[in-house]
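Keep the viewer open and follow along.

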Amino acid sequence: MSRILLMFLVIAVGLLAAWRLLRTAPSATGNTTPPEYDRYFRPQARARKRERKQPEPPYNARSIVRRAALGELRDALSGAPLDPDAELFRCAECKSFYAVQSVCALAMDNAARCINCGSIHRISVEVVD
Ligand SMILES: [Zn+2]
C-alpha cells in the first residue's frame, strides 16, 4: 500500500514540476514576459506627444488689425494697453500681441519665446483705420 502511495506522490510531484516548467517557459508567440510580471501594476511612461513644429512664417508676414480693435487688447507680457502708433508684434502661432519693449524683454529673459505658447516666431502688426 505504501508503494502505491509513494508512486502516486512521485507522479504528482513530477506533474507539478512539468506544469511549472511549462508556465514559466517563453511561449512560441513571442510573449517573453513571465506571468508574475502581469500581476503587479507597473507604471509606464506615456508616449509623448510630438511637439507641433509650426513652419516659420514668411519674412514679410504681417497681421492687419483695426485701430479700434487694439483699444481692447493688451500686451501679453506686461499687460499694458497697446499703443496703435508704436511698433507692435504678434506671435505667429497664438496671435498674442507684444510691444517692442516686451519683445526685447522676451529676447533677454525667455530665449525669445512667446510667453503664452513658447513659439519663437513673431510677425509685425499693421494697424489700419
Ligand atoms: Zn505665442
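## A loop residue to start from

A112 sits in the loop between helix 3 and strand 4. Helices here are DSSP runs of H or I with at least four residues, strands are runs of E with at least two, and both are numbered from the N terminus. A112 has a phi near 65 degrees, which is positive even though the residue is not glycine. Most residues other than glycine have a negative phi. A112 counts as partly exposed because 14 other C-beta atoms lie within 10 Å. On this scale, 20 or more other C-beta atoms within 10 Å of a residue's own means buried, 12 or fewer means exposed, and anything in between is partly exposed, with the C-beta atoms placed from the backbone.

Before going further, note that this is a predicted model, in which local features need pLDDT of at least 70, side-chain atom pairs count only at pLDDT 80 or more, and totals for chains, interfaces and linings use all residues. Residue numbers start from 1 along each chain as its sequence is written.

K95 is found in another loop, the one between strand 2 and strand 3. Here are the two loop residues side by side.

| Residue | Phi | Other C-beta atoms within 10 Å |
|---|---|---|
| A112 | near 65 degrees | 14 |
| K95 | near 65 degrees | 14 |

K95 belongs to the hairpin of strand 2 and strand 3, which has five residues between the strands.

## The sheet

How many strands form the open sheet, and in what order? Four strands do, in the order 1-4-2-3, with mixed pairing. Two strands count as paired if DSSP finds at least two bridges between them. At the edges are strand 1 (62-66) and strand 3, each pairing on one side only. From one strand to the next, the twist averages 40 degrees. Angles like this are taken between N-to-C directions and run from 0 to 180 degrees, using axes that are lines fitted to C-alpha atoms (for helices, over the stretch in contact).

Strand 2 has antiparallel partners: three bridges join it to strand 4 (residues 122-128), and three bridges join strand 2 to strand 3. On the strand 4 side, F89 stands opposite S124 and C91 stands opposite R122. On the strand 3 side, R90 stands opposite F97.

Over in strand 1 you'll find S63. S63 is partly exposed because it has 18 other C-beta atoms within 10 Å. The C-alpha atoms of S63 and V125 are 4.7 Å apart, although 62 residues separate the two along the chain. Leaving aside neighbours within four places in sequence, S63 is in contact with R90, I123, V125 and E126. Contact means that the two C-beta atoms, placed from the backbone, lie within 7 Å.

Not counting residues up to four places away in sequence, F89 touches Y98, V103, R122, I123, S124 and V125.

Helix 3 (residues 100-109) lies across strand 2, strand 3 and strand 4, and runs at about 95 degrees to strand 3.

## Helix 1 and confidence

Helix 1 (residues 2-24) is hardly covered: the count of buried residues among its 23 residues is zero. Among the elements of the chain, helix 1 has the lowest mean pLDDT (83) and strand 3 the highest (96). pLDDT is the predictor's confidence in each residue, from 0 to 100. For the chain, the mean pLDDT is 85, and 88% of its residues reach 70 or more.
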